[in-house]
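Please read them with the coordinates open.

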Amino acid sequence: MAHSAIHFSIGMIAGSIATFPVVVTAWRANTKLAKKISRWLIISYAAGIYAITPSLLSWIGLSEKFCQGWWMNIFLLHPLINKLETTGRLIPATIAVFLCFVIPYLMILAALFKQHKKPRNTQKTRNFL
C-alpha cells in the first residue's frame with residue numbers, strides 16, 4: 001500500500017497543474033494576483049485532500065476491502081497507485097509535498113516583489129495585489 005504522502009503529493013500536483021495556467025495568464029497580463037494565487041492554493045490543497053480520501057475513510061473505520069475497491073479510483077486512482085510497487089518512493093513523495101508548499105510561497109513572494117517594483121499610482125495606493 002502506498003503511503004498517504006504519495007497520494008497527497010499526486011493530488012496537490014494535479015490541482016496545481018490544473019489551475020496554474022490561470023495564475024500565469026494573470027501574471028503576464030499584469031493584473032491583480034491575490035485571488036488567482038489563493039484559488040490556485042485552495043484547489044491544490046483540496047485536490048491533495050481529495051486524493052487521500054480513501055485513506056481517511058479507512059482510518060475512520062470503513063473496511064479495507066471497501067476503501068480499496070475499483071470505485072475508489074475516482075479519488076485520483078487511489079487503489080491503482082496502491083497496487084504499484086511503491087518501495088522507496090516515500091522520499092520523492094515527501095519532497096513533492098515539500099515543493100508543493102514552498103513553490104506557492106515563493107510565488108507569493110515574487111508577486112509581492114513585483115507589486116513593490118511597480119510605479120505607484122497615488123490615487124490607488126490601497127490596491128495591493
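1. The model is a predicted one.

2. Confidence comes next. The average pLDDT of the protein is 80, and 85% of the residues score at least 70. Helix α2 has the highest confidence, with a mean of 90, while helix α5 (residues 78-83) has the lowest, with a mean of 73. Where pLDDT is low, the predicted coordinates should not be read in detail.

3. Of the 129 residues in the protein, 32% are buried. The accessible surface is about 8800 Å², and carbon and sulfur atoms account for 70% of that surface. Among contacts with a separation of 6 or more, 70% are between residues 24 or more positions apart.

4. Which residues make up the largest nonpolar core? There are eight: V23, A26, L33, I37, W40, L41, M107 and A111. Helices α1 (4-28), α2 (34-51) and α6 (90-117) each contribute at least two residues to this core. The largest share, three residues, is from α2. A second, separate core has five residues, among them F8, M12, I52 and V97. In soluble globular proteins, nonpolar side chains tend to be buried together.

5. M107 lies in helix α6 and counts as buried because its relative accessible area is 15%, against a cut-off of under 20%. Leaving out residues up to four places away in sequence, M107 touches F20, V23, W27, I37 and W40. M107 and I37 are 70 residues apart in sequence, yet their C-alpha atoms are 8.3 Å apart in space.

6. Helix α6 itself has 28 residues. From first C-alpha to last, α6 reaches 40 Å, close to the 40 Å expected at 1.5 Å a residue. Its buried residues are A93, A96, V97, C100, P104, M107 and A111. Helices α1 and α2 are included in what covers these buried residues of α6. An α-helix has 3.6 residues a turn, so residues three or four places apart point the same way.

7. The structure holds two aromatic pairs. In the pair of F20 and W40, the ring centres are 5.1 Å apart and the planes are at 50°, so this pair is tilted. F20 is in helix α1 and W40 in helix α2, 20 residues apart, and the pair thus links distant parts of the chain. Are the two partners buried or exposed? F20 is partly exposed because its relative accessible area is 30%, whereas W40 is buried at 4%.

8. Y45 and F101 form an aromatic pair that is stacked, with 5.3 Å centre to centre and 25° between the planes. This pair also links distant parts of the chain, with Y45 in helix α2 and F101 in helix α6, 56 residues apart. Y45 has 27% relative accessibility and therefore counts as partly exposed. F101, at 40% relative accessibility, counts as partly exposed too. A pair of aromatic rings is described by the distance of the centres and the angle of the planes.

9. S16 deserves a look. S16 sits in helix α1 and counts as buried because its relative accessibility is 15%. W40 and S44 are what S16 touches, not counting residues up to four places away in sequence.

10. N30 is in the loop between α1 and α2. N30 is partly exposed because its relative accessible area is 43%. Most residues other than glycine have a negative phi, and most peptide bonds are trans.

Definitions and conventions. Residues are numbered from 1 along each chain as its sequence is written. Side-chain values use heavy atoms; hydrogens and water are left out. A nonpolar core is a set of buried Ala, Val, Leu, Ile, Met, Phe, Trp, Tyr and Cys residues joined through side-chain atoms within 4.5 Å. Buried means under 20% relative accessible area, exposed over 50%, partly exposed in between (1.4 Å probe, protein chains only). Helices (H or I, at least four residues) and strands (E, at least two) are DSSP runs, numbered from the N terminus. Contact means heavy atoms within 4.5 Å. Accessible areas come from the Shrake-Rupley method with a 1.4 Å probe; for residues, only the protein chains shown count as cover. Rings of Phe, Tyr and Trp (its six-membered ring) pair if their centres lie within 6.5 Å; planes under 30 degrees apart count as stacked, over 60 as edge-to-face and the rest as tilted. The expected span of a helix is 1.5 Å times one less than its number of residues. pLDDT is the predictor's confidence in each residue, from 0 to 100.
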